[in-house]
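Please read it alongside the sequence and the structure shown here.

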Amino acid sequence: MRSQLFAAGLLTFATGLVFYVLEVPLVYFWSIPFAIVGGMMAVAAPFMSESHGPVEPPEGYRFCPYCSTIVPIGQKNCGHCGGAQPLEGAG
Ligand SMILES: [Zn+2]
């Protein structure tokens, strides 16, 4: 569920409705597409997975704390920046 997309969809839908009800010149033409697109966004949002949180390194690897390059666990130094890696299990 993408709550932000859902909210944006509802807002767009509401904007379209307002345009339609008020019959504002120029934007009245856009009220229908606004309502359709907004409705689609609101309807689709619950079916879209939430964007992923913090990125996880692949199995057996960790991110170098200095340059964020993927480094195999057990390797003492980063192959990119040469920074000493934290001890295994230290997080
Ligand atoms: Zn590094």
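From the N terminus on, the chain runs α-α-β-β, that is, two helices and two strands. Helices (H or I, at least four residues) and strands (E, at least two) are DSSP runs, numbered from the N terminus. This is a predicted model, in which local features need pLDDT of at least 70 and side-chain atom pairs count only at pLDDT 80 or more, while totals for chains, interfaces and linings use all residues. Residues are numbered from 1 along each chain as its sequence is written.

**Whole chain**
- Of the 91 residues, 13% count as buried; buried requires 20 or more other C-beta atoms within 10 Å of the residue's own, exposed 12 or fewer, and partly exposed lies in between, with C-beta atoms placed from the backbone.
- Among contacts with a separation of 6 or more, 30% join residues 24 or more positions apart; a contact has C-beta atoms, placed from the backbone, within 7 Å.

**Helix pair**
- The axes of α1 (residues 3-22) and α2 (residues 28-44) come within 7 Å and cross at roughly 155°.
- α1 is therefore roughly antiparallel to α2, a term for angles over 145 degrees.
- Axes are lines fitted to C-alpha atoms, for helices over the stretch in contact, and angles run from 0 to 180 degrees between N-to-C directions.
- The crossing of α1 and α2 is left-handed, meaning that the near helix is turned anticlockwise from the far one by less than a right angle.
- Residues in this contact include Leu-5, Phe-13 and Tyr-20 of α1, and Trp-30, Phe-34 and Met-41 of α2.
- The contact residues divide into 16 nonpolar, seven polar and no charged; Ala, Val, Leu, Ile, Met, Phe, Trp, Tyr, Cys and Pro count as nonpolar, Asp, Glu, Lys and Arg as charged, and the others, Gly among them, as polar.

**Helix α2**
- Phe-34, Gly-38 and Met-41 are buried in α2, and α1 is included in what covers the buried residues of α2.
- The 17 residues of α2 should span 24 Å at 1.5 Å a residue, which agrees with the 25 Å between its end C-alpha atoms; the expected span is 1.5 Å times one less than the number of residues.

**Loop residues**
- Glu-59 is in the loop between α2 and β1 (61-63), and counts as exposed because it has 6 C-beta neighbours inside 10 Å.
- The C-alpha atoms of Glu-59 and Pro-72 are separated by 9.0 Å, at 13 residues apart along the chain.
- Ser-68 lies in the loop between β1 and β2 (70-72) and is partly exposed, with 13 other C-beta atoms within 10 Å.
- Phi of Ser-68 is positive, near 65°, whereas most residues other than glycine have a negative phi.

Key:
Parallel < 35°, antiparallel > 145°, perpendicular 65-115°, else oblique. Contact = placed C-beta atoms within 7 Å.
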